[in-house]
Amino acid sequence: MRRAFLIAVPYLWLLALFLVPFVIVLKISLSDAAIARPPYMPQFDWAEGIWAFLRELDFENFIFLTEDDLYWKAYLSSVRIAVVSTLLTLIVGYPIAYAMGRAPEEWRPTLMMLVILPFWTSFLIRVYAWMGILSNEGVLNQFLLWTGIISAPLTILNTPTAVYIGIVYTYLPFMILPIYAALDRLDGSLIEAAEDLGCSRVQAFWLVTIPLSRPGIIAGCFLVMIPVIGEFVIPSLLGGSGTLMIGKVLWEEFFSNRDWPVASAVAVVLLLILVIPIVLFQRNQQKQAEAEQ
Amino acid sequence: MNTSVFAPWDDPGEKPLIQFRNVTKRFGEFTAIDNLSLDIFEKEFFALLGPSGCGKTTMMRMLAGFETPTEGQIMLAGQDIDPIPPNKRAVNMMFQSYALFPHLSVWENIAFGLRRDSMPKHDLEERVEAMLRLTRLEQFARRKPHQISGGQRQRVALARSLAKAPKLLLLDEPLGALDKKLRQDTQFELMDIQEKTGTTFVIVTHDQEEAMTVASRVAVMDQGQLMQVATPDRIYETPNSVYVADFIGDVNIIRGRARQNGGDGYHIDWAEGQEALTAASDNGFDTGQSCHLAIRPEKVAITAERPSDAANAVQGKVHDIAYLGNLSTYYVELPNGIIIKAQTANTRRISRRSYTWEDPVWLSWTATAGVLLAN
């Protein structure tokens, strides 16, 4: 009885805060836009019965998504930005995780703390800070002008570059922590064994360190890529109008256009796109857990 | 059959494979190896024996190339190996933790070193198969290290380190993780493999029984210095110091003062009101010099009556008996409180033992049974 209760709590949580909202969104995505409050048709009416209600639902919003090339371009662009920024985060994050893993034991908690430290400040404030750094009159340009490296300010803000900087900065801890966890577990004598058997330092790194930190790399990549695909704040604050991302399209569809059904359809498709990497991520985690037994 | 005894260390013409020349290794303030010189010969099974922290592992890591000597030189086949990195040395190591690559199969683990030499595919396969046969691992070739037992992992580690046919194989506590029974079987297996491959083995261990069983020579170490380097029987029979005598096996140490007895031996005055003991010794002692008589328990005879012809005989009473099944060790307390251990084989049934707790007994031994040591 107590066990059933304990299991029921998370499931009720999921039901109330994920499944029910999702069903509502799915229902809206199958409705038609209307100038009403709420702005879609049909509304469920007890008098007409459930069949009359269901008959009015259709897939025309989803068909609309395929007809206007804005949407698939936005999806594609989001996935591309997510993949590229995941790779960038990996390139920046791996050496940091590696250095942390090789740092003296007594330094590691401090280094770990430094990685987590940015979370203590609001995400929004940190993105605004980047606006201050990257703008034409920003800190970075003033510094570069002062050193004489450039003679005219660089335009970084409101370009894709700014979006990449923002994403890599924000999601770096999600990449570092799983890789560090994998490297921390790595037995140092394995590297010595590899060298003993004829590997140079570089070969030992490629043949032993990288394969053994692979679960961490995969976990880190998913943890970065999945939220970045739907990212909205960073592209809208740092990216300007040139950066096309599905999160922004969704926001505009919902708040500017007030077309809730189309916005909901966009959200449902986004969710379906995200399910694939989430399932892959879960399988990776499961395989890793099995290997450790 | 070759009847000549394998003893290259006694042949002055023999060139040692490994030479430590006045090697010192310091870690900050701590001196791990203190001005140590040592020769190890080809085809030897050489054991470095000592308590933890005595520097034996440091010696091995210097041979493998993971540490460099602070002073002095290490020569391998007449060549100073200091500038050669670990991956270029004709030396392989079997790690205490085995350090098997968890992401590779047994087969790939063994092939790992060979692949680095870009050996032709056919030769490589043949070599790996040969190693699998040598260590009886054929059925496990496709398994991952976590899918096999501890004893099998140990054999994979051995096969992997032997695969490159090194001039020198280093074994760091190779049997430490195995249970006692398996350890004994594996010791003989190791000796067998060493003989078959003709590789020089240097083994590091803190287990004196293991060192005595497998090694052609044993070096007993303490605090970064070699206490004694000799064959197992010489280490046991003629230790050169109380430390070595005490470290290897069980021993009675009797302190006293030496007095020349006219012949080739000494009288030892060891206790008030007791007859002096007699011991033959090649070591010279001045009259009145303090000395230690080290005598193994199994060389002390225990009898109910005083033996008539014994060179040394002392009386005491049985304080304790340790029954080991095949052997019994009697702890005999002498009138002055000293306890002497005497060990006898239990050739008769325990119920027919002629003395028991608190019985008065005589202990006796010959003049040559013990070793007279200065310190």
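**Close-up 1. Strands E17 and E18 of chain B run antiparallel in this predicted model.** Seven bridges join E17(B) to strand E18, which covers residues 339-345 of chain B. One pair to look for is Leu327(B) with its bridge partner Ala345(B) in E18(B). Five residues sit between the strands of this hairpin, and here Gly337(B) takes a positive phi near 95 degrees.

**Close-up 2. Strand E16 of chain B pairs with E17 in an antiparallel arrangement.** Here we step back to E16(B), residues 312-323, which is linked by six bridges to E17(B), residues 327-333. Lys317(B) finds its bridge partner in Glu333(B) of E17(B). With three residues between the strands, the hairpin of E16(B) and E17(B) includes Gly325(B), whose phi is positive, near 95 degrees.

**Close-up 3. Six strands of chain B form an open sheet with mixed pairing.** Reading across the sheet, the order is E6-E7-E8-E3-E9-E10. E6 and E10 (225-230) of chain B each have a single partner strand and stand at the edges, so one side of each is left without a neighbour in the sheet. Ignoring direction, neighbouring strands are turned by 20 degrees against each other on average.

**Close-up 4. E6 and E7 of chain B run parallel.** Four bridges join E6(B) to E7(B), the latter spanning residues 168-172. Take a look at Asn92(B), too: its bridge partner in E7(B) is Leu169(B).

**Close-up 5. Helix H1 of chain B lies across several strands.** This helix, residues 56-64, lies across E3 (45-49), E6, E7, E8 (200-205) and E9 (217-222) of chain B. Relative to E7(B), H1 runs at about 145 degrees.

**Close-up 6. Chain B meets chain A.** On the chain B side, 17 residues are in contact with 14 residues of chain A. Strand E6 (91-94) and helix H2 (106-116) of chain B are the elements giving two or more residues to this side, and H2(B) gives the most, with three. By class, the chain B side has nine nonpolar, five polar and three charged residues.

**Close-up 7. Chain A contains 13 helices and two strands.** Its radius of gyration is 24 Å, well over the 19 Å that the globule rule gives for 293 residues, so chain A is more spread out than a compact globule. The C-alpha trace of chain A spans about 80 × 65 × 35 Å along its principal axes. Buried residues make up 31% of the chain's 293 residues. Among chain A contacts between residues at least 6 apart in sequence, 73% join residues at least 24 apart.

Methods:
Residues numbered from 1 in each chain as written. Chains lettered and ligands numbered in written order. Predicted model: local features only at pLDDT ≥ 70, side-chain atom pairs only at ≥ 80, totals over all residues. Rg over C-alpha atoms; globule rule 2.2 N^0.38 Å. Buried ≥ 20, exposed ≤ 12 C-beta atoms within 10 Å, placed from the backbone. Contact = placed C-beta atoms within 7 Å. Nonpolar A, V, L, I, M, F, W, Y, C, P; charged D, E, K, R; others polar. Pairing = 2+ DSSP bridges. Axes fitted to C-alpha atoms, helices over the stretch in contact; angles between N-to-C directions.
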